[in-house]
Amino acid sequence: MTNDFQNYRQQIYTDKAMIDVLPSHRFYELSQHLSNYQGVDILPLTQNNELLTGSIKDKIIKSKPIKGKPIKKCQNLLNNHFLPQACVLIVITDENCPKLLLTRRSYHLNSHAGEVSLVGGKRDDADLNSIGVALREAYEEVGLASKDVTVLGYLPMQVSKSGLLVRPVVACVSPSVADGLTSNPDEIARIFWLPIDVLNAPPADYVFDGQADNTKLHTPAWVYDCNDDGQVEVIWGLTGRILASLMEIGFGVRHEWYYKVR
């Protein structure tokens with residue numbers, strides 16, 4: 001009986017473990033900003049919720065801010081201590097001009113096919129913490145070994161358009177490790193690196209056609225040719241919102257995020 005109880009305790013999922021980054025580290029200040037964040041842990045939705053689907057919609061549809069403050073529904077979510085259903089890894093290169101790892105998902109995938117994404121994926125029953133989820137997925141997708149990663153902290157959870165609660169984990173790697181990453185073609189069509197300085201500039205108002213009612217979707221997006229090869233990448237949606245959160249909490253640069261159908 002005692003052994004069964006101990007095994008059960010070992011299976012309890014830990015969302016955010018303690019992070020200890022040395023003051024001499026290049027990203028010590030970033031890590032401190034992440035750990036000192038005192039805001040809501042599930043970011044309120046934008047005013048337009050038309051892209052949100054899934055079972056979680058009814059629980060959080062009313063969590064959008066009123067005059068900059070989360071309303072009671074959002075506070076109830078926090079009190080219920082919701083755990084992430086998926087985790088992503090924000091990988092930053094440890095160098096003077098840092099870059100962010102981004103991918104283009106394979107076109108044959110059932111969800112988010114061909115979209116720009118951070119490495120990451122859904123939590124499995126065997127996962128013990130959010131860092132483990134993010135690192136496991138990063139290894140599966142681009143061959144990033146956990147021993148080569150320094151975890152810096154966490155960002156608040158975001159809601160994907162399929163209704164998943166997603167926990168971003170922020171980490172850094174050396175440039176040599178970054179150069180050695182290779183994509184798993186079953187999941188990733190392309191790896192590319194975005195200079196983090198690009199995110200200091202406000203994203204453009206980007207227009208997507210093809211809505212069912214012939215309207216157009218307007219949303220912020222960073223548009224950048226990361227590899228100077230003529231293949232422009234559009235960074236928007238959940239990935240864009242997560243990176244906007246990184247810039248605001250980690251670097252004090254705030255960008256408005258919205259979805260407007262016209």
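Select T219, which lies in strand β12; helices (H or I, at least four residues) and strands (E, at least two) are DSSP runs, numbered from the N terminus. The model is predicted, so local features need pLDDT of at least 70 and side-chain atom pairs count only at pLDDT 80 or more, while totals for chains, interfaces and linings use all residues. Residues are numbered from 1 along each chain as its sequence is written, and side-chain values use heavy atoms, with hydrogens and water left out.

T219 has a relative accessible area of 0% and is buried (under 20% relative accessible area; exposed is over 50%, partly exposed in between; 1.4 Å probe, protein chains only). Show its contacts (heavy atoms within 4.5 Å). Not counting residues up to four places away in sequence, T219 touches A204, D205, Y206, F208, W236, W257, Y258 and Y259. A polar atom of the T219 side chain lies 2.9 Å from the backbone oxygen of Y258.

**H218**

Next select H218, also in strand β12. H218 is buried, at a relative accessible area of 13%. Its side chain joins that of D205 in a polar contact of 3.0 Å. A polar contact is a pair of N or O atoms within 3.5 Å; within protein, one must be able to donate a hydrogen and the other to accept it, and residues adjacent in sequence count only if both atoms are side-chain atoms. Leaving aside neighbours within four places in sequence, H218 is in contact with D205, Y206, V207, Y258, Y259, K260 and R262. Of these, Y206 is twelve residues from H218 along the chain, and the two C-alpha atoms are separated by 5.6 Å.

**Aromatic rings**

Now display the aromatic side chains. The structure holds three aromatic pairs. Rings of Phe, Tyr and Trp (its six-membered ring) pair if their centres lie within 6.5 Å; planes under 30 degrees apart count as stacked, over 60 as edge-to-face and the rest as tilted. W222 and W257 form a tilted pair, 5.6 Å centre to centre with 40° between the planes. This pair links distant parts of the chain, 35 residues apart: W222 is in strand β12 (residues 217-224), and W257 is in the loop between α7 (237-251) and β14 (260-261). W222 is buried at 3% relative accessible area, and W257 also counts as buried, at 12%. Then pick Y206, F208 and W236, which ring pairs link into a cluster.

**The largest nonpolar core**

Select L243. Leaving aside neighbours within four places in sequence, L243 is in contact with L100, L102, L118, L199, W222 and I235. A nonpolar core is a set of buried Ala, Val, Leu, Ile, Met, Phe, Trp, Tyr and Cys residues joined through side-chain atoms within 4.5 Å. The largest one has 38 residues, of which I90, L100, V170 and L243 touch the most other members. At least two residues each come from α2 (28-35), β3 (86-93), β4 (99-105), β9 (165-173), β10 (188-195), β12, β13 (233-235) and α7. The largest share, six residues, is supplied by α7. Apart from this core lies another, of 25 residues, among them L89, L101, I131 and Y154. In soluble globular proteins, nonpolar side chains tend to be buried together.

**V169**

Move to V169 in strand β9, which is buried with a relative accessible area of 0%. Not counting residues up to four places away in sequence, V169 touches V88, L89, I90, S130, I131, A134, V151, G153 and Y154.

**S130 and Y13**

S130 is in helix α5 (residues 130-142) and counts as buried at 0% relative accessibility. Its contacts, not counting residues up to four places away in sequence, are Y13, T14, D15, P84, C87, R167 and V169. The side chains of S130 and Y13 make a polar contact of 2.8 Å. Over the ring of Y13 sits the charged end of R123, 4.3 Å from the ring centre (NZ of Lys or CZ of Arg within 6 Å of the ring centre and within 35 degrees of the ring normal).

**Whole chain**

Finally, zoom out. The chain has seven helices and 14 strands. Of its 262 residues, 46% count as buried. The chain exposes about 13900 Å², with carbon and sulfur atoms supplying 49% of it (Shrake-Rupley method, 1.4 Å probe; for residues, only the protein chains shown count as cover).
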